[in-house]
Amino acid sequence: MPDQFIAQFDRFPDFIWDAILVGVAVVIGLVLKFLLSLLLRKKPDAARRTFSVTRAILARLGKPFSWFLPLMTLNFLLPLMRMRSNVYPVVNKTVEILMTIAFAGVLIGVVKVFEDYVYHTFDIGKADNLRERKIRTQLQFIRRLAVTLILILTGCVILLSFNNLRKIGTGLLTGVGVGGIIIGFAAQKSLSNFLAGFQIAFTQPLRIDDVLVVEGEWGRVEEITLTYVVVRIWDLRRLILPINYFIEKPFQNWTRTSAAILGTVFLYLDYTTPLDALRAELGRLLENDPLWDRRVQGLQVTNAGEKTMEVRALMSAADSSNAFDLRCNVREGLIKFMQEHYPQCLPLVRIEGPVEVPVARKDGPVRPMEGPAVRVDTPPPH
């Protein structure tokens, strides 16, 4: 800014001049942000509901730039202010710290834009989403790690900008070795969880949206953090487990390599049940059910008990949710078939009466006696 132009404002008091410069910095910063937004919005979106990098940048970086650009402009205008010599260093240091924090916000916004792009590219909404879940699990861990590192480095930069703290930090370097050992012993659980998080993110015994059976509960992996895992139970409860649990203890992963799964239905029927008719009915039920993926079907007698035989119907589905619904449909269909066509083959216990039972008397001929009798519609024991 030329000296002649500045000289025209010499008649203003110092605090008004400084306030004017602060206002100019804010206006210039917001105008720069507005121009950048206009430049990004020039690209038309194919559809409002589809993902757009432009909209992601505006959404994630709009607020951080609203702080960073005015602060950067104010930093350039600070030498023109008329503050007292004892006030200027404080204001200058405050602006530097705020700029550092705002720049950290910009970096975190860039990380989130990248995360949004990867989430759109690797959509887990499709049926075969094994690769997508693998990448999302790694991305979630890396994003949290990157944000944590940005915050730690920002704190270090702010602290090291003070000369007194820098001297203290230099003195503390001599005790880092001993301090590290003490902290390591004191935070063994936290460190083991952190290292387990690394191991799970890259070896991936479980992923986002995996179907697990853990602690006797069936659910899906909803969230993986640096220290714990959130499993959404089928009835919408949340089971929260430390992340090293999945390194130290066994658990069932139904979608480790594929979401496809086999389902079973067990029926306990009389030995007179016509198995061929039941097998044909199973085939008809599966053919008419869209949940069956047409890979596996079968009906077998898997056990022979004292009174009934165990019949197992086997079927396949694309995922565990479909398998559960398919099993319910087949179980209901087979029971209804038996009720309508072969009710005598269902295991029944009935009490019928009265019936005549001959009773011998000492002083006369045998006479009939009325009374209840028990009839069991199952084969007698061998």
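Colleague: How many helices and strands does the chain have?

Modeller: In this predicted model, the secondary structure of the chain comes to 11 helices and 10 strands.

Colleague: And what share of the residues is buried?

Modeller: Buried residues account for 32% of the 382 residues in the chain. The accessible surface comes to about 24,100 Å², and 64% of that surface belongs to carbon and sulfur atoms.

Colleague: Of the contacts between residues at least 6 apart in sequence, what percentage join residues at least 24 apart?

Modeller: That figure is 62% for this chain.

Colleague: Which of its residues are buried, and what covers them?

Modeller: The buried residues in H10 are Leu-278, Glu-281, Leu-282, Gly-283, Leu-285 and Leu-286. Their cover includes strand S6 (261-269), strand S7 (292-304), strand S8 (309-317) and helix H11 (320-341).

Colleague: Why would residues three or four places apart in a helix point the same way?

Modeller: An α-helix has 3.6 residues a turn, so residues three or four places apart point the same way.

Colleague: Back to H10 and H11, then. At roughly what angle do their axes cross?

Modeller: The axes of H10 and H11 cross at roughly 140° and come within 10 Å of each other. That angle makes H10 oblique to H11, since only angles over 145 degrees would count as roughly antiparallel. The crossing of H10 and H11 is right-handed.

Colleague: Which residues meet there?

Modeller: On the H10 side they are Ala-277, Leu-278, Glu-281, Leu-282, Leu-285 and Leu-286, and these meet Leu-326, Val-330, Gly-333, Leu-334, Phe-337 and Met-338 in H11.

Colleague: Glu-281 keeps coming up. Why does it count as buried?

Modeller: Glu-281 counts as buried because its relative accessibility is 9%, and the cut-off for buried is under 20%. Glu-281 is in helix H10, and if we leave aside its neighbours within four places in sequence, Glu-281 is in contact with Gly-333, Leu-334 and Phe-337. The C-alpha atoms of Glu-281 and Met-338 are separated by 9.9 Å, although these residues are 57 places apart along the chain.

Colleague: What about Leu-334, is it buried or exposed?

Modeller: Leu-334, which lies in helix H11, is buried, with a relative accessible area of 1%. Not counting residues up to four places away in sequence, Leu-334 touches Leu-267, Leu-278, Glu-281, Leu-282, Leu-285 and Ala-313. Leu-267 is 67 residues from Leu-334 along the chain, and their C-alpha atoms are separated by 8.7 Å.

Colleague: Changing topic, where is Arg-144, and what does it touch?

Modeller: Arg-144 is in helix H5, which covers residues 130-160, and it is buried, with a relative accessible area of 17%. Apart from residues up to four places away in sequence, Arg-144 touches Glu-223, Ile-224, Thr-225 and Leu-226.

Colleague: And Ile-224, which strand is that in?

Modeller: Ile-224 lies in strand S2, residues 217-224, and counts as buried at 3% relative accessibility. Leaving aside neighbours within four places in sequence, Ile-224 has contacts that include Thr-137, Gln-140, Arg-144 and Leu-206.

Colleague: One last thing, what is the phi of Arg-294?

Modeller: Phi of Arg-294 is near 65°, a positive value in a residue other than glycine. Arg-294 is in strand S7 and counts as exposed at 53% relative accessibility. Glu-215, which is not a glycine, also has a positive phi, of about 55°, and Glu-215 is found in the loop between strand S1 (211-214) and S2.

Note on methods: Residues are numbered from 1 along each chain as its sequence is written. This is a predicted model: local features need pLDDT of at least 70, side-chain atom pairs count only at pLDDT 80 or more; totals for chains, interfaces and linings use all residues. Side-chain values use heavy atoms; hydrogens and water are left out. Helices (H or I, at least four residues) and strands (E, at least two) are DSSP runs, numbered from the N terminus. Buried means under 20% relative accessible area, exposed over 50%, partly exposed in between (1.4 Å probe, protein chains only). Contact means heavy atoms within 4.5 Å. Accessible areas come from the Shrake-Rupley method with a 1.4 Å probe; for residues, only the protein chains shown count as cover. Axes are lines fitted to C-alpha atoms, for helices over the stretch in contact, and angles run from 0 to 180 degrees between N-to-C directions. Angles under 35 degrees count as roughly parallel, over 145 as roughly antiparallel, 65 to 115 as roughly perpendicular and the rest as oblique. A crossing is left-handed if the near helix is turned anticlockwise from the far one by less than a right angle, and right-handed if clockwise.
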